[in-house]
Amino acid sequence: MTADVFLFWFLALITVISGLAVVLMANPIYSALCLAMTMISVAAIFVTLQAYFLAGVQIIVYAGAVMVLFVMVLMLFDLKHELQAFTRGRATGALKIASVGILSGLIVGAVTIGLTIAGRSSDEVISAAAAGGVVDTTRGLSEALFLKNIFGFEALGVLLLVIAVGTVALSRSKGGTHARD
Amino acid sequence: MPETNMITTIGAEHYLVLSAILFSIGMAGVLLRRNLIVLLMSIELMLNAVNISFVTFSYYSGKVEGQIMVFFVMTIAAAEAAVGLALAVSIFKRFKEVNIRFFEHLKG
Amino acid sequence: MTSMGNTTFEIVINTIKLLAVFLLMVQAVPILVWLERRGSAFIQNRFGPNRVGPLGLVQLLADAVKFLTKEDFAPEKGNRIMFYMAPVFALIPAAVAYAAIPMSVPLKVGDYTFLIQGYEINVGIVFILGISSLAAYTILMAGWGSGSKFSLMGALRASAQIISYELALGLSIVGIILLYGTFNLTEMIHAQQGIYHFSAFGYTVAASWLPNWGIFYQPLGMILFFSATFAESNRLPFDLAEGEAELVAGFHTEYGGFKMLMFFIGEYGHMMIASGLMATFFFGGYSIWNFTPQEVYNWCYGLVGSEQIANVMNVVLHFLSYNIKFAIFLWIFIHVRWTLPRFRYDQLMDLGWKTMLPWALGNTIVTAIVIFVTSYFVIS
């Protein structure tokens, strides 16, 4: 077993366990911290796929900003008692879990069958990837982002502006910090 | 495909299955949890699962377009989190609770 | 990114190296504490700790013993898991990020080449920024886990401050990234070696008395980066998190003994990362004033006449050079702490969002335009 294989199984284990913990923890703050853990391990998975810059961005954006925001909001709420952390009703719950199971089974089945029908064992794919070569990804990434996909990039900028205005409008109480309502 | 090969040779399908599992966990969270913020977090989980599969395809096909998509997904996720949290804060101010069942009081 | 090595020997050496960098960081903390206390006493015309040992140096050992023998307590209303986890997590981001900073030229022994840094990483800047932004979790965990209002308010303040200043911090170094065209810290240092020279519009400008350091290209970026790192490491004049008059001691109000010490190590760790990055981005990293490593190596070779010894000497000289720069910045951190008063919270936010962010953006845009125009004229 080489280091890469060990790394993959280790990271996959951490990702799945912390992902499960997000859903199963009754306290939302633990959920948020577990989600931060998931984000970091997903970043590590990106590293194993040689997407170094994306891994860094994943840590900065998700773990460093988005999840900190979540944790801050949760700590501000400081919920003393969590009413009804999970959905009501055994039957509907079982139904929902069953549907999730069916969906995941379908996806996993589709992935494995698709790969066998296509007849491409993973070794061939790896050699194809080595031939194609995603060398110097950061430069290639920036070229693809700023030359080919510049419209999408600008559209995202507009989206972020809209979101920023919307968020301020939503969360602003009347009279700023000294609200009287 | 023998059993040992499955474990010692990591291919695209391993990453894709991992992504599928993570996506299903996120979906289960959305369906089962009642706390608005945990719902948002489950959605983030699903988006992350999608990111993993994008990066996997990008790596195994030797093209960077998949990684560009991940950028877009990340931006959307951050925007979604910002709006979702703003909504959660306003719900909390109103009802002192962020349970999803309070959303039915929001009509009108 | 390099892996841990192929042979067992390389893996063992790399593991030892990681441990050594971590220990280096942790061991520098008592010295810094001593320096801070003596320095503050010097600035405020006092004596400081001078009873235990020569110059009060053994005071550190006495402090450590005191910290270790204190009662281990946790607040009753708090969350015990978070309360105990937070100080441990405070160490991780600082230690991991510091290991990515190169400290000297690679050491060549036979067929092996050892980098004098914990590990080399391709996108070093993004990685270090990302890892050090994880410090916000520690603060939030400590503040919330303590179950006290003072701690929670301090934690919210501190993490809001860290998030806000991260923007200015990230933008202030975009100029230097554009200039050198790399995220790799080692390549960045390579670009800063030798004398001051650059080419624009097809002409080459060189000055034999100036080193080719980033500060001469990005002075504004340097000032913005250095100020933002003060805010990132929660030091005065930005230590709103522990405004004694209003919040007791901020997020670590409820901590005592060794747990408190771990937060201390985390804070000093952030100071060290900031100093190391300062040296790397704007002051040539390990490179020596006006000389390239090859010139230094040739000089060493002329002195001792043996390739092996010249190699080692080269590494040691550059390591010293890095550490001198590093120590100067750490001293500036300490000096600023004891000379400047604290900002008010609204002043802090104004400074971050309305002053530093626009200036950093302007710096980025101007740098981008200048780089584009000069290279454009070179091509035509």
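Me: What separates domain 1 of chain C from domain 2 of chain C, going by their C-alpha centres?
Reply: In this predicted model, those C-alpha centres lie 24 Å apart. The bounds behind that value are 23-69 for domain 1 and 70-379 for domain 2, and they come from a domain assignment.

Me: How do you know which residues make the contact between domain 1 of chain C and domain 2 of chain C?
Reply: A pair counts if the C-beta atoms, placed from the backbone, lie within 7 Å. On that basis the contact takes 15 residues from domain 1 and 16 residues from domain 2.

Me: Which elements give two or more residues to the domain 1 side of that contact in chain C?
Reply: Helix H1 (8-43) and helix H2 (59-69) of chain C do. H1(C) gives the most, with ten residues.

Me: What makes up that domain 1 side by class?
Reply: Nine residues are nonpolar, four are polar and two are charged.

Me: How many residues of chain C are in contact with chain A?
Reply: 20 residues of chain C are, and they meet 18 residues of chain A. The 7 Å cut-off between C-beta atoms is what qualifies them.

Me: Which helices of chain C give two or more residues to the side that touches chain A?
Reply: Helix H4 (124-133), helix H5 (135-145) and helix H6 (149-172) of chain C. H4(C) gives the most, with six residues.

Me: How many charged residues does the side of chain C that touches chain A have?
Reply: None: by class, that side has 15 nonpolar and five polar residues, and no charged ones.

Key
Residues numbered from 1 in each chain as written. Chains lettered and ligands numbered in written order. Predicted model: local features only at pLDDT ≥ 70, side-chain atom pairs only at ≥ 80, totals over all residues. Contact = placed C-beta atoms within 7 Å. Helix = DSSP H or I, 4+ residues; strand = E, 2+ residues; numbered from the N terminus. Nonpolar A, V, L, I, M, F, W, Y, C, P; charged D, E, K, R; others polar.
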